[in-house]
Amino acid sequence: MSIWGRTAIVGAYEHPARFAPDKTAYQLHAESARGALEDAGLTIADVDGLFTSGVGPIGILSLANHLNLRPCYLDSQAIGGSSFVSHCLHAAAAIAAGLCTVALVTYGSTAASERFAIGTGGGGFVMDPPDSFEAPYGPTIVGSYALVAQRHMHEYGTTSEQLAEIAVTIRQHASLNPHAKYRDPITVEDVLASRVISSPLHLLDCCMISDGGGALVLTSSERARDLRRPPITILGAAEAVQHSGIGARDLVEIAARQSGPLALQRAGLRHDDVDVALVYDSYTITVLVTLEALGFCAPGEGGAFCAGGRIGLGGALPVNPDGGGLSSNHPGMRGIFLVIEATRQLRGAAGARQVADAEVALVHGTGGMLGQRHSGVTMLLGRA
Amino acid sequence: MAETKAYRKPLPRVDEESRGFWEALARHELYFQRCRDCGTKRLYPRALCTKCLSSATEWVRASGRGLVYSFTVTHQNQSPGFREEIPYVLAIVELEEGLRLMTNVVGCAPDAVRIGMPVQAVFEDVTPEVTLLKFRP
């Protein structure tokens with residue numbers, strides 16, 4: 001029997017904190033867990049599946065300790081910022097298989113108050129085999145994405161103005177989100193006038209570094225019917241990885257090219273069924289190449305596709321109505337917030353930034369370094 | 001003259017799978033691997049062919065000529081060794097033999113680098129043990 005359509009998101013909570021020097025990361029996990037469980041109308045005692053990432057190699061044990069949980073199912077998938085989207089996929093499989101009944105996914109990070117220069121700090125990583133052939137040359141995270149942007153410009157004539165328009169649109173969305181960190185409108189000129197971090201990417205092409213936390217509660221669709229909130233159903237999902245292989249990778253081919261069509265097929269949906277898209281916007285180029293790779297437009301058409309308000313509220317495919325990582329929050333691994341905003345949108349509870357009649361949301365998380373090794377996880381969610 | 005300034009950038013881990021590559025670089029020669037059973041070329045070096053899983057490997061010398069496949073001029077990197085060299089060029093170079101690798105383009109103004117620009121290997125002895133492969137126009 002298929003696992004799709006049998007698991008629902010029943011609780012979701014985004015921590016309002018954007019800068020929290022008075023809190024620990026584990027506290028943000030716990031406060032987010034409390035928020036999501038209250039949202040679901042469940043208690044911590046109901047949780048028997050625990051999912052997290054970004055907590056260190058065996059940090060899920062510390063998290064279980066901190067929350068005093070003894071779940072019968074543990075998953076600390078660590079594939080970068082997309083991990084939390086992956087957790088939802090894994091939770092759907094685990095719940096459908098009867099391995100757990102109530103899954104709690106949590107995230108917490110104090111990256112900003114710890115002054116962790118995520119995108120331009122370099123280092124801090126283990127020297128795995130491929131790293132020996134990359135790290136000596138100084139690839140920052142911004143630089144890795146910039147390599148993709150530069151190649152995309154070369155192959156297709158994509159411009160800095162087109163990338164900037166993505167940042168402008170997502171900032172417009174953030175202006176409607178009272179919790180967003182940056183809410184003042186910006187222009188294409190502002191983006192182009194901001195300093196170059198790693199060419200061709202400017203400061204305003206890059207996501208911010210904030211603190212933050214979030215949590216999700218998932219259970220079977222059957223049990224979800226008795227809970228407080230309208231269940232948001234996992235209709236289909238898929239994971240993928242892309243890397244340099246044995247030395248001939250096409251840089252503009254990203255993991256979403258594999259995960260997107262597979263997730264849509266599993267959900268039995270087509271692109272025009274999607275009402276709102278939550279696409280990991282670590283950088284403007286990430287949005288552009290992800291929409292291409294997911295198949296919303298042909299390779300090379302991403303720049304034109306994102307122009308003219310198409311990905312804005314009221315457009316054909318609103319993207320990141322909450323303001324994304326570019327303008328709302330980005331504590332380092334943003335995947336959970338994609339799922340939380342998709343849930344709010346499908347509940348019709350997104351306030352001033354609500355996408356009218358949103359019935360199907362597509363979530364795509366990217367994790368890792370786009371120009372090197374990265375994961376892509378696509379998930380389709382629907383109003384039950 | 002001994003170099004007095006300590007080298008602060010990350011150094012590769014020279015291990016059993018990659019030693020032949022690094023030893024060649026120390027001789028200022030560039031080698032990649034080819035499977036003796038199915039002929040598949042590979043870089044970075046590893047013990048098994050990823051296509052047929054054979055362990056039978058030969059080392060093949062590359063010409064050292066290539067083209068810039070993509071690049072970025074890095075203007076911000078807080079980590080030691082790099083922050084002193086900003087702006088520097090991170091690049092992917094495609095070797096004449098069809099293999100792509102990450103590197104730095106040196107020996108020209110960062111703003112002069114273009115995709116498709118012909119480049120030539122240069123061998124930088126960064127420590128007594130380690131030589132890095134970089135490229136110049």
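**Note on a predicted two-chain model**

1. In chain A, strand β1 (residues 7–14) pairs with strand β8 (residues 232–242) through 2 bridges, and the pairing is antiparallel. Opposite I9(A) stands I232(A), a residue of β8(A). Bear in mind that this is a predicted model.

2. The sheet of chain A is open and has 9 strands, in the order β3-β2-β4-β7-β1-β8-β11-β10-β9, with mixed pairing. Its edges are β3 and β9 (276–279) of chain A, each of which pairs on one side only. On average, neighbouring strands of this sheet are turned by 25° against each other, direction ignored.

3. Two helices of chain A deserve a look together with the sheet. Helix α3 (residues 83–96) of chain A lies across β1, β2, β3, β4, β7, β8, β10 and β11 of chain A, and runs at about 165° to β4(A). Helix α12 (residues 335–347) of chain A packs on the sheet and touches β1, β4, β7, β8, β9, β10 and β11 of chain A. The direction of α12 makes about 175° with that of β10(A).

4. Which residues of helix α2 (residues 59–67) of chain A are buried? They are I60(A), L63(A) and L67(A). These residues lie on the same side of α2(A), because they cover an arc of only 55° around the axis. An α-helix has 3.6 residues a turn, so residues three or four places apart point the same way. The buried residues of α2(A) pack against α1 (25–40), β2 (49–52) and β3 (73–75) of chain A. Just after α2(A) comes N68(A), with a positive phi of about 55°.

5. G324(A) belongs to helix α11 (residues 324–328) of chain A. Is G324(A) buried or exposed? It counts as buried, because it has 33 C-beta neighbours inside 10 Å, and the cut-off for buried is 20 or more. Leaving aside residues up to four places away in sequence, G324(A) touches I170(A) and D281(A). G56(A) is 268 residues from G324(A) along the chain, and their C-alpha atoms are separated by 25 Å.

6. The contact between the chains takes 32 residues from chain A and 35 residues from chain B. On the side of chain A that touches chain B, the elements giving two or more residues are α4 (141–156) and β5 (196–198) of chain A. The largest share, 6 residues, comes from α4(A). By class, this side of chain A has 16 nonpolar, 13 polar and 3 charged residues.

7. On confidence, the predictor gives the complex an ipTM of 0.96 and a pTM of 0.97. The average pLDDT of chain B is 95, and 96% of the residues score at least 70. Where pLDDT is low, the predicted coordinates should not be read in detail.

How values were computed:
Residues are numbered from 1 along each chain as its sequence is written. Chains are lettered from A and ligands numbered from 1 in the order in which they are written. This is a predicted model: local features need pLDDT of at least 70, side-chain atom pairs count only at pLDDT 80 or more; totals for chains, interfaces and linings use all residues. Two residues are in contact if their C-beta atoms, placed from the backbone, lie within 7 Å. Helices (H or I, at least four residues) and strands (E, at least two) are DSSP runs, numbered from the N terminus. Ala, Val, Leu, Ile, Met, Phe, Trp, Tyr, Cys and Pro count as nonpolar, Asp, Glu, Lys and Arg as charged, and the others, Gly among them, as polar. A residue is buried if 20 or more other C-beta atoms lie within 10 Å of its own, exposed if 12 or fewer, and partly exposed in between; C-beta atoms are placed from the backbone. The arc is that of the directions from the helix axis to the C-beta atoms. pLDDT is the predictor's confidence in each residue, from 0 to 100. Two strands pair if DSSP finds at least two bridges between them. Axes are lines fitted to C-alpha atoms, for helices over the stretch in contact, and angles run from 0 to 180 degrees between N-to-C directions.
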